[in-house]
Amino acid sequence: MLKNDSFLKACRKEHVDFTPIWIMRQAGRYMKEYRAIREKVDFLTMCKTPDLVAEVTLQPVDILGVDAAIMFSDILIPVEAMGMKVTFTEKKGPAFANPVRSESGAEQLDILDYSKSEEKMPFIREAIKLILQSLDNRVPLIGFAGAPFTLATYMIEGETSRNFSWIKRVMYTQPPFLHNLLDKIATVVTHYLQLQIDSGVHAVQLFDTWAGYLSPDDYKEFALPYVQKVLNGLNKKGCPVILFANGVSSILEHMSSASPDVIGLDWRVDIGDARKRVGDNVALQGNLDPCVLYAEPPVIKKYVKDILRKHGPGPGHIFNLGHGILPDTPVEHAKALVEIVHELSSKHVIGDE
Ligand code: CP3
């Protein structure tokens, strides 16, 4: 039995005594404890070393007091396992030496089924086992994967992109090729998430980071069907699924039509409006601008209060940032955020207001 299951309850829209919070990219360079480990090993090695994964995953639980842990890894790990060599550099982020831009490139990809997923990424099951042991039921563990469109963006662009000109070129000039690639990626993502669910994670998040850069009609054609394929293909075993995109405002209703348990919001949408637009059947996660954490706690408090008020007292809100925490965030401010969310949302304080 979990000692603190407020996050899972909020995902299921059940009553909670306080609004649970976790932070996207909560394990990372803004923490000196993370940097101390990262100094000794490169990022990919870290992701593939279960005892380091467990150690880093636990850091924000111990240091910040968040209500959920998220397995330390990266959305590009299964892409590498499909046969695409990836490197991570401090300045440029991830890069692929050979982006996929043709049928022959796509044919060389290894479309991992469940057992191949296990075989190529044995560290996943092992890391989840170690994390669950270290967590000792304190808080739930979230697993994750990149959504097919976002993974295709990296595979086709070869790096983080500004204009997405390669994937969009392919989208408008060779749509059957892109559909075929997205379908293959969706198969891999489904097996990869199933492996995490079977290994014991309590919830999963699909990161569709770049889907908000599509027009709503293109989202409907190139992103949504493959999110849907993943969701329909999973044996969830009671695990809530969170669907996050950056730039949700223009695609919110479409995202909702995939019926995730939770929709993750970036900060550019008013959470009260989002609640009205999607109704009460789905939980919402978010959505503080990560840059608010540059400010001192009294300012953070003001912005947290606004978000809690805008969502309202109804069930189904998980507090988070609208995107990942930035590397130059003061850790004290992240700690203060967790305390503020807990304090302001607890019945006692709301009752006093
Ligand atoms: O939330 C967590 O704490 C779990 C860890 C996690 C990482 N990446 C660790 C990481 C998660 C959930 C991700 C997901 C991820 N990775 C996404 C989707 C979420 C998002 O931010 O939109 C994307 C697009 C990636 C791809 C990726 N990985 C980029 C663009 C970068 C470089 C940016 C950067 O911050 O350097 C990475 C590297 C990466 N992934 C780091 C971490 C902690 C930094 C690596 C380092 O230590 O040098």
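Predicted model: local features only at pLDDT ≥ 70, side-chain atom pairs only at ≥ 80, totals over all residues.

Let us begin with the space inside the protein. Rolling a probe the size of a water molecule over the atoms shows where empty space is left. The largest pocket holds about 1,300 Å³ of space. Its lining is made up of 43 residues, and those nearest the centre of the pocket are Arg25, Arg29, Asp74, His323 and Ile325. Helix 2, strand 2 (86-89) and strand 3 are the elements that each give two or more residues to this lining. Sorted by class, the lining of the largest pocket contains 23 nonpolar, eleven polar and nine charged residues.

Now, where does the ligand sit? You will find the ligand in the largest pocket. Among the elements, helix 2 (32-38) and strand 3 (93-96) are the ones that contribute two or more residues to the shell around the ligand. That shell counts 23 residues, with Arg29, Tyr34, Asp74, Thr209 and His323 as the closest. By class, the shell divides into 13 nonpolar, six polar and four charged residues.

A nitrogen atom of the ligand lies 2.7 Å from an N or O atom in the side chain of Asp74. Taken alone, the ligand would expose 880 Å², and the protein buries 91% of that.

Finally, let us visit some loops and look at the backbone itself. Most residues other than glycine have a negative phi, and most peptide bonds are trans. Which peptide bond is cis, with omega near -5°? The bond in question runs from Gly286 to Asn287, and Asn287 belongs to the loop between strand 8 (283-285) and helix 16 (297-311). Lys13 is not a glycine, yet its phi is positive, at about 60°. You can find Lys13 in the loop between helix 1 (6-11) and helix 2. Ser259, another residue other than glycine, has a positive phi near 55°, and its place is the loop between helix 14 (252-257) and strand 7 (262-264).

How values were computed
Residues numbered from 1 in each chain as written. Heavy atoms only, no water. Near = heavy atom within 4 Å. Polar contact = N/O pair within 3.5 Å; in protein donor to acceptor, adjacent residues only side chain to side chain. Areas by Shrake-Rupley, 256 points an atom, 1.4 Å probe, with all protein chains shown as cover. 1 Å grid on protein atoms, 1.4 Å probe; cavity = no way out; pocket = protein on both sides within 12 Å on 5 of 7 lines; lining within 4 Å. Sits in = over half its atoms within 2 Å of the grid points. Helix = DSSP H or I, 4+ residues; strand = E, 2+ residues; numbered from the N terminus. Nonpolar A, V, L, I, M, F, W, Y, C, P; charged D, E, K, R; others polar. Points joined across faces, edges and corners; volume = space filled by probe spheres on them.
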